[in-house]
Structure formats: structure tokens, C-alpha cells
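Hi,

Here is the structure I promised to pass on. Have a look at it first, and then read my notes below.

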Amino acid sequence: MNPYPIKQESAMAQSLVLLHGWGLNAAVWESIKPQLEHAIPGSIDVHALDLPGFGDAQWKDELTDADAVADYLADYIRTRTPTGQAAVLGWSMGGLLATTLALRHPQCVTGLYTVASSPCFVSRPGDGWPGMDPTVLKAFQAQLRDDFKTTLKRFLAVQAMGAPSARNDIKQLQALLLKKPLPVPEALQAGLNWLEKIDLRDKLSQLNMPFYRAYGRLDSLVPVAVASQITSGDCEIFASSAHAPFLNQPEDFIDWITATM
């Protein structure tokens with residue numbers, strides 16, 4: 001059973017599915033969702049989803065595999081959007097899942113947007129790939145087993161590091177997190193596993209839909225150096241943003257999306 005209600009919209013509207021990052025939920029989009037819907041009235045049908053095990057979405061053990069989550073998302077798009085197709089925007093871990101979806105179900109995805117995301121989140125010193133130190137992810141995994149609520153708070157703080165408004169961003173992210181039920185530990189653990197192990201770098205050339213990438217210049221989780229390592233897609237760098245450009249530069253972020261929809 002899909003937990004989301006069927007939304008009746010004009011068949012002329014282009015659907016846009018928003019996927020949140022690790023630890024959070026669809027509430028992260030609450031400030032920009034109405035702005036997107038009003039930017040081009042009647043033309044964008046926005047769906048902000050809770051990923052399985054996050055917010056209001058039920059967790060199932062078979063969804064520990066990222067491919068299974070991509071299949072789950074494809075089923076949502078086919079059955080809950082007017083045309084059975086949508087542009088998909090994923091933030092951070094959501095970008096990794098959006099890319100997996102686009103690769104597995106290209107017929108469902110009319111455009112791919114990744115925000116502060118990477119096809120390979122951990123650094124690979126052997127080939128010069130920038131990313132998170134693998135030991136940092138291992139530490140989060142260990143802490144998650146001991147106290148997942150404290151681990152969530154620490155991860156939110158890391159996401160805001162580098163932003164001019166870091167303290168306010170942390171408060172805002174914490175408030176958004178609490179607007180819905182906390183994620184289940186199994187979903188959190190699965191997400192950390194995806195961030196540690198998935199490497200889609202060699203598959204990006206297979207994408208056959210418009211591909212747009214956005215990065216925060218001040219991001220400490222996904223270094224802006226990742227941008228120049230990828231040759232696929234169009235790239236936008238938000239100069240005054242860290243890991244959450246939609247919080248740091250919301251108007252610029254809205255303009256970036258609407259200009260390409």
C-alpha cells in the first residue's frame with residue numbers, strides 16, 4: 001500500500017517529486033513547495049514525499065535495498081501523477097535515490113535534479129574523488145546503534161556547517177524534523193549504508209533525461225569540488241549556501257528550478 005493520497009490535478013501540469021535527505025522528512029520542503037506551485041500557476045504539480053521509514057511513510061524491511069526504494073518511487077509516479085511521469089528532485093541522500101530511480105526507471109523521469117548530492121558520497125583517495133571521510137560515516141553508524149536521537153541532532157549540525165546562518169539553519173532543520181514522526185532506526189541505518197556503499201559515477205552517462213546538479217559552495221558534507229568531477233548534466237553553484245541551498249538562498253533556488261521546468 002502506498003501511504004500517499006491520490007492527487008487530482010490538471011493533466012497539463014508537469015509533476016515534480018521532491019525527495020528529502022537522510023534523517024529528515026518532507027517537511028523540509030514546506031517553505032518552497034507553495035512558492036514552486038505559484039511560480040508558474042497551474043504548470044507545476046508538486047509532490048513532497050516522505051521516504052520509507054521517514055516521517056509518515058511506513059518502513060518495510062525489503063526496502064533496505066536502494067533499488068527497491070527506486071521501484072517504490074517509480075510505482076508512486078506511475079500511479080499518483082496525472083501522466084505517470086515526473087521530474088524528480090532529490091536533496092543529499094534523496095539525490096542518490098533520485099539518480100537510482102532515473103537509471104532504473106527512465107520512462108518515469110522527465111528530468112533529474114540533484115541538490116547537494118553526489119553519485120558517490122565517500123571520498124576515494126585512490127582516484128582523487130572528493131567526499132566524506134569513510135570513518136565519519138562509520139562513526140555515525142556506531143552512534144546510531146547507541147542513541148539514534150542524539151545522532152540525528154549531530155548530523156543536522158554537520159549539514160549546517162559552513163553556512164553563514166548555521167545556528168539558525170540547525171534550529172530550522174530541528175524544527176522541521178519534529179513536524180512529523182521521527183524516522184525509524186532501520187531506515188536511518190539503511191540510509192547510512194547507501195551513503196557509504198553506493199557508487200553511481202560510472203552510470204551517469206546512461207541518463208537519458210535532462211540532468212541538473214546544484215551545490216552549495218560552503219558545503220562540508222558534499223564538497224563543491226564534486227561539481228567539477230562530473231561531466232554529465234548542467235551545474236549550478238549557490239555561492240552563499242552550505243548543504244541546504246533551499247534554506248540559504250530560497251529565491252535563487254526557486255528560480256533555478258522554474259527556469260528549467
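Lys 180 and Asp 50 form a salt bridge, and their closest N and O atoms are 2.7 Å apart. The two residues come from distant parts of the chain, 130 residues apart: Lys 180 is in the loop between helix 6 and helix 7, and Asp 50 is in the loop between strand 2 (44-49) and helix 2 (66-80). By salt bridge I mean a side-chain nitrogen of Lys or Arg within 4 Å of a carboxyl oxygen of Asp or Glu. Side chains of opposite charge can pair when their charged atoms come close.

Before you go further, keep in mind that this is a predicted model: local features need pLDDT of at least 70, side-chain atom pairs count only at pLDDT 80 or more, and totals for chains, interfaces and linings use all residues. Residues are numbered from 1 along each chain as its sequence is written, and side-chain values use heavy atoms, with hydrogens and water left out.

Are the two partners buried or exposed, or partly exposed? Asp 50 is buried, because its relative accessible area is 3%, while Lys 180 counts as partly exposed at 24%. The cut-offs are under 20% relative accessible area for buried, over 50% for exposed, and partly exposed in between (1.4 Å probe, protein chains only).

By the salt-bridge rule the count comes to nine. One of them joins the side chains of Glu 30 and Lys 179, at 2.8 Å from N to O. This pair also links distant parts of the chain, 149 residues apart, with Glu 30 in the loop between strand 1 (14-19) and helix 1 (33-39) and Lys 179 in the loop between helix 6 (166-177) and helix 7 (185-197). Glu 30 has 39% relative accessibility, so it counts as partly exposed.

Another salt bridge has Arg 104 and Asp 71 as partners, with their closest N and O atoms 3.0 Å apart. Here Arg 104 sits in helix 3 (residues 93-104) and Asp 71 in helix 2, 33 residues apart. Both are partly exposed: Arg 104 has a relative accessible area of 38%, and Asp 71 has 29%. Going back to Asp 50, salt bridges that share partners join Asp 50, Asp 56 and Lys 180 into one network.

**The chain as a whole**

The chain has 10 helices and six strands. These are DSSP runs numbered from the N terminus (helices are H or I with at least four residues, strands are E with at least two). Buried residues make up 54% of the 261 residues.

Leu 24, in the loop between strand 1 and helix 1, is buried, with a relative accessible area of 0%. From C-alpha to C-alpha, Leu 24 is 5.4 Å from Leu 177 in space, although the two are 153 residues apart in sequence.

**A charged patch**

Glu 236, Glu 251, Asp 252 and Asp 255 form a negative surface patch. Patch residues have over 30% relative accessible area and no salt bridge, with like charges joined within 9 Å and nonpolar side chains (Val, Leu, Ile, Met, Phe, Trp, Tyr) within 5 Å. Helix 10 (residues 250-258) gives the largest share of this patch, three residues. Asp 255 lies in helix 10 and is partly exposed, at 47% relative accessibility.

Cheers

Key:
Areas by Shrake-Rupley, 256 points an atom, 1.4 Å probe, with all protein chains shown as cover. Lys, Arg positive; Asp, Glu negative; His and termini not counted. Charge placed at Lys NZ, Arg CZ, Asp CG, Glu CD.
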